[in-house]
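Subject: Structure handover

Hi,

Here is the structure I promised to pass on to you. Have a look at it first, and then read on for what turned up.

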Amino acid sequence: MAGDDGSAAVVLRPQAIINAIGGATGLRFHCEAALKEFDDFFETIGEVAGVLEEAGTSSAKLKIRVTEMLTLQKNHQAHILALGELERTYAGSLDATDFQELLDTKVRTLAAGLPNDPGGFAAEFEKKVADGKRKAPGAAAEEQDEDIMLTSQAGHTTNLKCPITAKAIDEIEEPVVDQKGYVYDKKAITQYINQKGGKAPCPQSGTSHVISIKDLKPARSVLTQRKLAKLVQTANQGEAGGSRG
């Protein structure tokens, strides 16, 4: 159909309105499903922050990211509410309708009335940071030498393998560390020391110190690094899945 000025006129038929609202419904369902990803993000980033603090690394940049994501989550929730409202109330009009502007206006209005952090994620993040700091080396005087990742700036332990089982340090299920920073498989080193009568020379070649059961402490730094690696892997997998979606 041509307009009075000869230009092409667009006729908005009732079925087109129905299709547009139906599309909004589908988008709303997609947004609701995506909210679960925010929960997963906050849980993972809290765990990562705790592990970083436990390892003596600041999590301040992650806190900034949490604040940004809370704002994004709030905006996302407002979009869901706005799309639902359009779905229920829009009756159609012969006049041209700028749906984007209509949606943006509703989102701004609804977002202003939403709480900033209904799930309490910021408080939970701070709790995990505090827990990590309490576990950090040097947090308490009596714990300062319990877990020595002795070592070069590259972050390697003193030994790369258990001298008894020859298993790589990061593959040991229950690693323990002695007073000099050597890491062992707990079961293997305990059996070795008991066989020697309660005290034994360090089984690592090139060493001369004697170890006993009371000298062994949980290799907390090894466990921390392992946990961090798993969390990073999980986060990367989540990002890859999101990009495919």
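Phe-42 and Phe-121 are both buried. This is a predicted model, so please read everything below with that in mind.

How are the rings of Phe-42 and Phe-121 arranged, stacked or edge-to-face? Their centres are 4.5 Å apart and their planes stand at 15 degrees, so the pair counts as stacked, the cut-off being under 30 degrees. Phe-42 belongs to helix α1 (residues 14-54) and Phe-121 to helix α4 (residues 121-135), so this pair ties together parts that are 79 residues apart in sequence.

Phe-42 has another ring partner in Phe-41. Here the centres lie 5.4 Å apart with the planes at 70 degrees, which makes the pair edge-to-face because the angle is over 60 degrees. The accessibility of Phe-41 and Phe-42 is worth a look as well. Phe-42, at 6% relative accessibility, falls under the 20% limit and therefore counts as buried. Phe-41 has a relative accessible area of 22%, so it is classed as partly exposed. The count of aromatic pairs comes to 2, and Phe-41, Phe-42 and Phe-121 make up one aromatic cluster.

Helix α1 also holds Gly-46. This glycine is buried, with a relative accessible area of 1%. Once its neighbours within four places in sequence are set aside, Gly-46 is in contact with Phe-125 and Lys-128. The C-alpha atoms of Gly-46 and Val-66 are 9.0 Å apart, while in sequence these residues are 20 positions from each other.

Now to the chain as a whole. Its secondary structure comprises 6 helices and 5 strands. Going along the sequence, the elements follow the pattern α-α-α-α-β-β-α-β-β-β-α. Of the 245 residues in the protein chain, 33% are buried. The accessible surface comes to about 15,300 Å², and carbon and sulfur atoms account for 54% of it. Among contacts with a separation of 6 or more, 62% are between residues 24 or more positions apart.

Next, the sheet. Which order do the strands of the open three-stranded sheet take? The order is β2-β1-β5, and the pairing is antiparallel. At the edges are β2 and β5 (217-218), each of which pairs on one side only. Between β1 and β5 the antiparallel pairing runs over 2 bridges, and Val-176 has Pro-218 in β5 as its bridge partner. Helix α5 packs on this sheet and touches β1 and β2, its direction making about 90 degrees with that of β2.

The nonpolar cores come next. The largest one has 17 residues, and the members touching the most others are Val-183, Tyr-184, Ile-189, Ile-193 and Leu-216. At least two residues of this core come from each of β1 (175-177), β2 (183-185) and α5 (186-195). The largest share, 3 residues, is supplied by α5. There is also a second, separate core of 10 residues, with Phe-38, Ala-49, Met-69 and Val-129 among them.

Leaving out neighbours within four places in sequence, Ile-193 is in contact with Gly-198, Lys-199, Ala-200, Ile-211, Ser-212, Ile-213 and Leu-216. Tyr-184 sits in strand β2 and is buried, with a relative accessible area of 0%.

Where does Ala-166 lie? It is found in the loop between α4 and β1. Buried or exposed, then, for Ala-166? At 51% relative accessibility it counts as exposed, because the limit is over 50%. If you check backbone angles, note that phi of Ala-166 is near 65 degrees, a positive value in a residue other than glycine.

That is what I have for you.

Best wishes

Definitions and conventions. Residues numbered from 1 in each chain as written. Predicted model: local features only at pLDDT ≥ 70, side-chain atom pairs only at ≥ 80, totals over all residues. Heavy atoms only, no water. Core = buried A, V, L, I, M, F, W, Y, C linked by side-chain atoms within 4.5 Å. Buried < 20%, exposed > 50% of the residue type's maximum accessible area, 1.4 Å probe, protein only. Helix = DSSP H or I, 4+ residues; strand = E, 2+ residues; numbered from the N terminus. Contact = heavy atoms within 4.5 Å. Phe/Tyr/Trp six-rings, centres within 6.5 Å; stacked < 30°, edge-to-face > 60°. Areas by Shrake-Rupley, 256 points an atom, 1.4 Å probe, with all protein chains shown as cover. Pairing = 2+ DSSP bridges. Axes fitted to C-alpha atoms, helices over the stretch in contact; angles between N-to-C directions.
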